[in-house]
2 protein chains.
Amino acid sequence: MKIAIMGCGVVGSGVYEIVRDMAGKLSKGCGGEEISVKYILDIKELDAEKSALQIRDIDIIANDPEVLIVVEAMGVTKQDFDFCLKCLNAGKSVVTSNKQLVAEKGEELLAAAEKNNVAFRFGASVCGGIPVIRTLFYGLAANEISSFAGILNGTSNFILTKMIKDKMTNAAALKLAQENGYAEKDPTDDIEGFDAARKTAILCSVCFGKHIYPDEIHTEGITGISDEDVEYVGSIGSKIKLIGRGEKLENGKIYASVAPAVIDEAQLISGVDGVFNALKVNGNKVGEVLLYGPGAGKDATASAVVADILDCIRKPGFDSVYSWENGTRNDVLKYDEYETALYVRGYVKDKNKAVCAFREMLDGVRFLSRENAPENEIAFITEKKKEKDIKNAVDSVDGFTAASIIRIIND
Amino acid sequence: MKIAIMGCGVVGSGVYEIVRDMAGKLSKGCGGEEISVKYILDIKELDAEKSALQIRDIDIIANDPEVLIVVEAMGVTKQDFDFCLKCLNAGKSVVTSNKQLVAEKGEELLAAAEKNNVAFRFGASVCGGIPVIRTLFYGLAANEISSFAGILNGTSNFILTKMIKDKMTNAAALKLAQENGYAEKDPTDDIEGFDAARKTAILCSVCFGKHIYPDEIHTEGITGISDEDVEYVGSIGSKIKLIGRGEKLENGKIYASVAPAVIDEAQLISGVDGVFNALKVNGNKVGEVLLYGPGAGKDATASAVVADILDCIRKPGFDSVYSWENGTRNDVLKYDEYETALYVRGYVKDKNKAVCAFREMLDGVRFLSRENAPENEIAFITEKKKEKDIKNAVDSVDGFTAASIIRIIND
C-alpha cells in the first residue's frame, strides 16, 4: 500500500517515521499489507532522506493510481480543504489531524468521501493520541451518547494545574508554559478556548449526528481565572478545569460550551493534570466511560493518524459510521438557558446587606471564605437553576460587582 | 443480518434488548444492515417473547446458513468451547464475553477462526463496557505496548474503596458488597484475584502477542489487606488497589501478576473507586493512555458485545489483528525476580534492634507510623530492588514476623 503525506511538519514527519520504523507491527495490523510512503508534498526544504520522496505538486498525488491513502498534515492552510477534496474526488482515502478543517468542513468532506466511496478519517483531530473518535464511532456504537465533558486543551490545563498545585498566578503559569514549549508566543487560541471549541464542535457532530460549528459554541477561556478563584474553589474540595461539553437535551436541542468549570475532586476527571487530555462520555447502555492520555505531541498524534491509515486498509471504501447530518443554527440551545449551579466571586459595598440579598434571592446559596480576603470580597456557590436566572439575580443586587462567574459540574 | 444468541442470562438478554431496541443506531453502525436475533439457545424456560426464538439444539444454529454471527453468552460451561468451535467451523463469526474461555482457549479459537475465515471477537471479556481490547488492537495499532496496569475486578475494588473511604474492615466491606449484589455468595474468584488473573492473561496475550495462561500469572487477592495497611499507606498519600499488570521486559520475558499494590494518589488510576474498572497502557509512540468505565453489568457488557457484532458485519471474515502466537512456559518471568519497591508491615520482638537491622540491610528504607499502633508493630517502605532480595533481607531479621507485604507501583 502506497501512501502520500501532505505537509511534513511535526505530525507529518511523525507519521513518516512510524511507517518507516514499525513495518512489522503495521503489517500485522492490516492483514499483511506493506505500507510505504511514496510522496511527501511540501514546499519547504526537507532533509536528504525525505527529499527523495518530495514533490511540490498535489496533482502528482491525485493522478497516481498507486496511491490510495493520503495523510493531510499541512495544518491550517489556504489549501487544506481543496487538497483534501481533490484527493477524495480522485478516489483516495484521506486521513487528517486538522481539527479546524474537520470542525468547519467535516460534513462536506464526509459527503465527498461517501460520493467517491473512500474514507475520510480524523481520529487525531481531537485529543491527539487518545483514541476518542473511534471509541465514539465503534467502541460505543451500541449507545446513544447523551453527553460528554472533556479536558481538550493541554496548554490551558497546564496553566490551571500550575495555578492549583504550585499556587502560581495565571500570568506566571502562562509564561512557564511558553518557556516549556506548551504555549505559542501568541497563546490566544489555547487560553481563550478557541482550540477546545473546535474539538467540542467535532465531538458534538460525532456524538449527536449533526454538524455543529465552532462559532455556535459558547466559548470562554481561562484568562479571567485568578488565584483567588483557585483558592475559594479549593476550599470546597474542587478544582477549576477548562471543559468542553456537549449534551443532547430532551427537547432535541444541543447544549455545547467551552468554559472553565468547578469540578469536585471526587470526579476522576479532576485528577487530569498538566498537558494531558481526557474525555468523559455518557452512553445510554454503557454508562460513563473516560479516556485519558496525551492530547498532543508528534508521536502521540502520529500514532492516531497511523491507526486511521490501518483502518483505511482494513476496510477500504466509505465507512457509513463516519457521517453526520447537516446541522441548523437552531439545534444549539442558547447557553444561558441551560440549568447549572454557579460559583460567583465579586466585590460589595455593604457586605451584610449583599449577603442578605443573595440569601433572599438564591435558595441554598452557600458562602465561601478564604484567608486574608479583602473586606469587600464575597464568593458563593448556588444551586442548579437556569444560568440566566441566576445571573439576573446576581446583577440585581445593589452594589455588587462580579469578578468571576464559573459553572459547577456536579455529574 | 441474522444472529443467534447462545445463553440467555444477564449478558445474553442484554444483547437481545439492544438489538431489539436500537435498530436505527445499529443499522447506521454497519452500513445499513438490519440486525435481528433468529435463535436463542438455552435449556431453561424463557419469557414469552424470547421463547418464540428459543432452541435447545446447537446444530440448528450450526446448520442454518442464514445465521452468520453467534453470540456466546453461556458463561463458563462444559460446552462453551465446543459450541464456539462448532460455530466457527460452520463458518460463523463468534462474539463472546467469556473471559475464562478466551484466557484458556483463545489461541485455539482464533486459529479456528482464521482457518474458516470468520471472526472471533471478545471485547467484553475484559473490563466489561470499556472498549479495552479494541483500543489495544486498533486504536493503538501503531504502538508496541510495553506495559499495562489495571483495576480489572469491580468487587475487590469496591471492598478496598470502602476500607479506604469509610474505614470499614475487610470483612464488613465484603459483606456490604454481597448485600449490594456486587459479590457472589462464594466470593473466592473475585477476592482471591482469579477473575483478574484471567483478564490479565488475555491482556498479556493481546499486548505482547503470545498466549499467556492464567496459571502462569502470580496471583494474590485482597483477603490479607487489613485496615492497618490502609492506614499506613494512607499516611504516605497512597491507596491500596488490586492491580493486574503485564510488562514486556528487555530480555524478551513477560512480567505478569495480579496483586494488591500501593499507588500514589497523584496517579490517576488511584482515583478509580467502587465497582469501576480502569486500564492504563504504555505504548512506545503514544505514551500513557488510560481507559475507565463500568467493568461489569448487563447493559455495559452487552454494549461491548454488540460493538463486536457490528465489527463482524463491517469487516466480515477473519481479522488478522486478532491473533497471537502460542506461548511457552518460559516466556513469563518468575514474579520475585522482578524489581519493585515494597511496603512491609509486621511485628518485632525488639523494635530498636529491628529498625537498625532493616536500615543496615535496606538502603533508603523509610519507616511509617500510625496512631495507636501496638508497640511491637513496624511498617516501612523500601527502594526498588529485586523482590526476592528484599524478601530475603526481611526474612533474615531476627524476631521479625511479616504480616503484610505489598508491591509499590511508582510509574
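Which residue of S17(A) is the bridge partner of A:Tyr347? That partner is A:Thr401, and here is a quick tour of what surrounds the pair. You're looking at a predicted model, in which local features need pLDDT of at least 70, side-chain atom pairs count only at pLDDT 80 or more, and totals for chains, interfaces and linings use all residues. Residues are numbered from 1 along each chain as its sequence is written, while chains are lettered from A and ligands numbered from 1 in the order in which they are written.

**Confidence**
- Chain A averages a pLDDT of 96, and 100% of its residues score at least 70; pLDDT is the predictor's confidence in each residue, from 0 to 100.
- For the complex, the predictor gives an ipTM of 0.96 and a pTM of 0.97.

**Strand S13 and its partners in chain A**
- Strands (E, at least two residues) and helices (H or I, at least four) are DSSP runs, numbered from the N terminus, and two strands pair if DSSP finds at least two bridges between them.
- S13(A), residues 339-348, runs antiparallel to S16(A), residues 385-386, with 2 bridges; there, A:Glu339 partners A:Lys386.
- S17(A), residues 400-409, is joined to S13(A) by 8 bridges, again antiparallel.
- S15(A), residues 377-381, is also antiparallel to S13(A), with 5 bridges, and A:Tyr343 has A:Ile381 as its bridge partner there.

**Two helices that cross**
- The axes (lines fitted to C-alpha atoms over the stretch in contact, with angles from 0 to 180 degrees between N-to-C directions) of H6(A), residues 99-115, and H11(A), residues 194-208, come within 9 Å and cross at roughly 50 degrees.
- H6(A) and H11(A) are therefore oblique to each other; angles under 35 degrees count as roughly parallel, over 145 as roughly antiparallel, 65 to 115 as roughly perpendicular and the rest as oblique.
- Residues making the contact (C-beta atoms, placed from the backbone, within 7 Å) include A:Val102 and A:Gly106 of H6(A) and A:Ala201 and A:Ile202 of H11(A).

**Where chain A meets chain B**
- 45 residues of chain A are in contact with 45 residues of chain B.
- On chain A's side, the elements giving two or more residues are helix H2 (23-28), helix H7 (132-139), strand S12 (287-294) and helix H13 (298-314).
- S12(A) and S12(B), residues 287-294 of chain B, pair in the antiparallel sense over 3 bridges.
- In that pairing, A:Leu291 stands opposite B:Leu291.

Technical notes
Contact = placed C-beta atoms within 7 Å.
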